[in-house]
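This briefing concerns one protein structure and is arranged by topic. Please read it alongside the sequence and the coordinates.

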Amino acid sequence: TALSLDDWRRQNVNALMALCYRTAHQYGVRFGAAPIGDPDRSYADQYSDAALWLVQGGYVDYLMPQLYWGQNYTKNGSTAQSLCQLAARWAALPRAEDVTLAVGLGAYRIGEGDGGANEDSQSQWCTGSALARQVESLHSLGAGGWALYRYDSLFRSARPELADAERAALAALTTA
């Protein structure tokens with residue numbers, strides 16, 4: 001059966017992921033990927049079958065979708081691209097026991113906002129605890145970890161007082 005062009009591309013991306021996974025494991029290195037935050041766009045626009053990689057071994061040790069928006073990010077009246085909505089969609093995907101679902105969070109948005117059309121898109125990033133609240137939400141969804149993009153935003157922010165508060169709030173989570 002002939003594959004559609006999109007399926008052929010997806011098959012090639014899957015083959016590349018499997019090759020990278022095998023090569024990394026030859027050297028004792030864990031291998032993962034960070035697809036764009038929207039699982040549908042990841043599949044359709046980047047030809048990344050991340051759902052397959054989560055449920056079937058041999059592709060990734062961890063998957064870390066880039067969820068760089070606020071908890072209630074709103075665009076054109078919709079919260080479909082909010083961290084809460086997207087994280088819940090990723091967490092609902094079946095996954096193999098040995099594949100970790102972690103989430104990339106947008107630390108670079110501290111004090112800047114996420115460009116959403118609602119007032120909350122700015123204010124939620126000016127609390128000094130936006131990232132800690134996001135981590136708590138992710139934990140309740142069963143995410144296996146998180147990472148920050150960009151980590152240095154916690155140290156070189158245009159709003160150092162907010163970055164200091166964010167670091168303290170994140171540190172409090174790890175000691176609680």
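**Nonpolar core**

The largest nonpolar core has 39 residues, and of these Trp53, Val60, Leu105 and Leu131 touch the most other members. The elements giving two or more residues to this core are α1 (5–26), α3 (50–55), α4 (83–92), β4 (100–106), α6 and α7. Helix α6 supplies the largest share of this core, 5 residues. A nonpolar core is here a set of buried Ala, Val, Leu, Ile, Met, Phe, Trp, Tyr and Cys residues joined through side-chain atoms within 4.5 Å. In soluble globular proteins, nonpolar side chains tend to be buried together.

The model is predicted: local features need pLDDT of at least 70 and side-chain atom pairs count only at pLDDT 80 or more, whereas totals for chains, interfaces and linings use all residues. Residues are numbered from 1 along each chain as its sequence is written, and side-chain values use heavy atoms, with hydrogens and water left out.

**Conventions**

- Helices (H or I, at least four residues) and strands (E, at least two) are DSSP runs, numbered from the N terminus.
- Buried means under 20% relative accessible area, exposed means over 50%, and partly exposed lies in between (1.4 Å probe, protein chains only).
- Contact, or touching, means heavy atoms within 4.5 Å.

- Leaving aside residues up to four places away in sequence, Val60 touches Met17, Tyr21, Phe31, Gly32, Ala33, Trp53 and Val99.
- Val60 and Arg30 are 30 residues apart in sequence, and their C-alpha atoms are 7.9 Å apart in space.

**Packing of α6 and α7**

- Helix α6 (residues 130–141) packs with helix α7 (residues 160–175) at an angle of about 30°, and their axes are 7 Å apart.
- The two helices α6 and α7 are therefore roughly parallel to each other; angles under 35 degrees count as roughly parallel, over 145 as roughly antiparallel, 65 to 115 as roughly perpendicular and the rest as oblique.
- On the α6 side the contact is made by Ala130, Leu131, Ala132, Val135 and Glu136, and on the α7 side by Glu166, Ala169, Leu170 and Leu173.
- The residues of this contact divide into 7 nonpolar, no polar and 2 charged, where Ala, Val, Leu, Ile, Met, Phe, Trp, Tyr, Cys and Pro count as nonpolar, Asp, Glu, Lys and Arg as charged, and the others, Gly among them, as polar.
- Axes are lines fitted to C-alpha atoms, for helices over the stretch in contact, and angles run from 0 to 180 degrees between N-to-C directions.

**Backbone features**

- Most residues other than glycine have a negative phi, and most peptide bonds are trans.
- A cis peptide bond, with omega of about -10°, joins Tyr149 and Arg150; Arg150 lies in the loop between β5 (145–149) and α7.
- Tyr47, which is not a glycine, has a positive phi near 60°. Tyr47 sits in the loop between α2 (39–45) and α3, and counts as buried because its relative accessibility is 19%.
- Asn76 likewise is not a glycine and has a positive phi, of about 55°. Asn76 is placed in the loop between β3 (66–67) and α4, and counts as exposed because its relative accessibility is 74%.

**Further residues and their surroundings**

- Trp69 is in the loop between β3 and α4, and counts as buried at 19% relative accessibility.
- Not counting residues up to four places away in sequence, Trp69 touches Gly37, Gln81, Leu83, Leu86, Arg109, Asp114, Trp125 and Gln134.
- Trp69 and Cys84 are 15 residues apart along the chain, with 9.1 Å between their C-alpha atoms.
- Leu141 belongs to helix α6 and, at 37% relative accessibility, counts as partly exposed. With residues up to four places away in sequence not counted, Leu141 touches Ala87, Ala88 and Ala91.
- Asp152, in the loop between β5 and α7, counts as partly exposed at 24% relative accessibility. Asp152 and Leu5 are 147 residues apart in sequence and 40 Å apart in space, C-alpha to C-alpha.

**Cysteines**

- The structure holds 0 disulfides, a disulfide being a pair of cysteine sulfur atoms within 2.5 Å.
- The closest cysteine sulfur to that of Cys126 is in Cys84, 18 Å away, which is too far for a bond.
- Cys126 counts as partly exposed at 27% relative accessibility, and Cys20 counts as partly exposed at 30%.
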